[in-house]
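Trainee: I have a model open and want to learn to read its features. Where do we start?

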Amino acid sequence: MAGRINDDDVKAVRDAVPIDAVVSEYLQLRNAGGGNLKGLCPFHDEKSPSFQVSPSKGLFHCFGCQEGGDTIAFVQKIDHLTFAEVVERLAAKAGITLRYEEGGYNPSHQRGERIRLVEAHKVAAQFYVEQLDGPEAEIGRKFLAERGFDQAAAAHFGVGYSPAGWDHLTRYLRGKGFSDKELITSGLSQDGRRGPIDRFRGRLMWPISDTSGDIVGFGARKLRDDDNGPKYLNTPETSIYKKSQVLYGIDLAKKDIAKASRAVVVEGYTDVMACHLAGITTAIATCGTAFGGDHIKILRRLLMDNGSARVIFTFDGDAAGQKAALRAFEDDQKFAAETYIAIAPDGMDPCDLRLAKGDEAVRDLVEPRTPLFEFALRQIVGRYDLETPAGRGAALDEAAPVVARIKNSSSQHEVAVQLAGMLGILDTQFVVKRVGQLARWARERGDQRGPGQTPSRGGPRHQQVQAPAAAPSGPALNLRSPAHRTERELLKLALQKPALVSPAFDAYGADEFTAPPYAAVRQCIAEAGGAELGVPETREYLVQVLDVAPNDTVRNLVTELAVEVFHGKTIDETYAGMQLVQVRLRAVDRRINDVQGSLARLGSNVAPDHLAAAQNEVWVLQQYAQSLRNSGADAL
């Protein structure tokens, strides 16, 4: 096996790949002040951004869930990779050749599994693209042309063709050094009677990429009548491909989604192509599964969930499309963005609409008009006879719990009024009160039911006690304490601007920090070589502090302090001196109180020499404290 990666090469990778560039592949970042950036945390659900990135420090930290670390730690956690796999991936992006200390150059077959599987998909995608030009693929080229896609469009989206033979791709990948095990694990091949055979044969191929742009799977469209398989065949679930966690086209659309705060969700690969070619470059699609919670998490991180964010769903006008729309509405409240639905005239999808009426018709289709909640309510209400009191009552019973799920109270009230209008109930307040009652019951009982279920008529009498949410991991600190606030500021200075507090800070003992978590961070700085090591400021200084941290709790606190903004308006030597003096002064006062308290407890039983020494110590400390008060940092 290959040995560990050379430390200098790891450092080179850290320095070469900016953390903000890497994080931006997964979520939208905005200015947070103080040179930091912020976004919605990818590691826990949140409505407002508490995730911060410090490009100058090369660190990230979430003040909500306490996750933090450097670029490598971020990719490790978000893509579930080993340390070596992340370094190898980032090195490849930066064009850095890695050295291995116990095995020389790392042969390709020894690299991390994810990297190998992604490489196999990359090679396969190029193979499929090349096959699209061959005579056998004429049927595939005709399929694309009939849907308005020329050669340039196919090339832009990486569309290819899988030969109809049993093992064309399998043999090709073997020739590129991939093992049979890797081919099976990747989902590109499957077990046959005499060994691995191609999974995809005689089909048009769309590469599916993750948010970072790595190809992790394929969508394959049937072309021939003698193909007994499904119309669309996707890569099976693998370690790198989870259909509930990927969105087709997200690699092409993510920047425009973040820039425009808008996403268009369509149903198929050709619909994504049609939208992009029509100028709707925020279009994406699910891959053979319903739009769900994991897809929402991807979009929320890109949209940032600001007030102007929009998500537009396009579904066919048939029963299946309406069912898909209602399914999407079940997760509507997981968005802070406004959600809309767009259904083309005659039930056409964007691809058909582009063929029939051109690009402008596609652009017009996805202009938000009908809110998703309104569509869902009309579907519910439409199933009842509203000409009768019983029909209106039954419709209200089914629709009211749906409105009650709307979390924003003003929006809930507004939609309840609209529901009354849909039902033809003149007493609007009756509907508003009914919705409010259901919402209150849901809050009181924790609402453990599925979406849209009505509480029992007994109301909240039989309540389920909901376990309190787990508190964010990390040390509990009393930030109202002036001592703790000052200690925190001083540690932030030592980590972020060590030149302002060095060398004085390095003479401070861990016992001068009253909060145990802060004392632990002070100890880490000392073990890493002191704040003096950070002069001049380098990322390596913070890396060394993190490396000596005894556990994740301390490590997370280090990243938190390294990216947190300062409380002061002007961060200079004067400000740093004030923090140094306050921490030292409180430590001196504590020592004076300790000595005097000890003497008081001993009373007349204290030995004369011990009494004289203690009194002398108190006198010296009092003089030092007075000097700190009078002269400030000059007395340190």
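Mentor: Start with Q66, in the loop between β4 (59-62) and β5 (68-70). Helices (H or I, at least four residues) and strands (E, at least two) are DSSP runs, numbered from the N terminus. This is a predicted model: local features need pLDDT of at least 70, side-chain atom pairs count only at pLDDT 80 or more, and totals for chains, interfaces and linings use all residues. Residues are numbered from 1 along each chain as its sequence is written, and side-chain values use heavy atoms, without hydrogens and water.

Trainee: What is the phi of Q66?

Mentor: Most residues other than glycine have a negative phi, and most peptide bonds are trans. Q66 is not a glycine, yet its phi is positive, about 75 degrees. Q66 is also buried, at 11% relative accessible area. Buried means under 20%, exposed over 50%, partly exposed in between (1.4 Å probe, protein chains only).

Trainee: Where does S261 lie?

Mentor: In the loop between α10 and β12. S261 has a positive phi near 55 degrees and is not a glycine. S261 is buried too, with a relative accessible area of 6%.

Trainee: Which residues of α10 are buried?

Mentor: In α10 (residues 250-260) they are I250, A253, K254, I257 and A258. Viewed down the axis, they fall within an arc of 135 degrees, so they line one face of the helix. The arc is that of the directions from the helix axis to the C-beta atoms. K255 and K259, on the other side, are exposed.

Trainee: What do the buried residues of α10 pack against?

Mentor: They pack against β9 (203-209), β12 (262-266), α11 (269-277), β13 (283-285) and α12 (293-303). Contact here means heavy atoms within 4.5 Å.

Trainee: How do I read a core?

Mentor: In soluble globular proteins, nonpolar side chains tend to be buried together. A nonpolar core is a set of buried Ala, Val, Leu, Ile, Met, Phe, Trp, Tyr and Cys residues joined through side-chain atoms within 4.5 Å. The largest here has 49 residues, and I257 and L299 have the most contacts inside it. Beyond its neighbours within four places in sequence, I257 touches residues including I250, I284, L299 and L303. A second, separate core of 44 residues includes L132, I280, A285 and A342.

Trainee: What is the strand order of the open sheet of 4 strands?

Mentor: Strands of a sheet pair through backbone hydrogen bonds, either parallel or antiparallel. The order is β6-β9-β10-β11, with antiparallel pairing. Two strands pair if DSSP finds at least two bridges between them. β6 (160-162) and β11 (232-234) stand at the edges with a single partner strand each, so one side of each lacks a neighbour in the sheet.

Trainee: How many bridges join β9 to β10?

Mentor: There are 7, and β10 covers residues 215-222. I208 has G217 in β10 as its bridge partner.

Trainee: Is R584 buried or exposed?

Mentor: R584 is buried, at 13% relative accessible area. R584 lies in helix α25 (residues 573-602).
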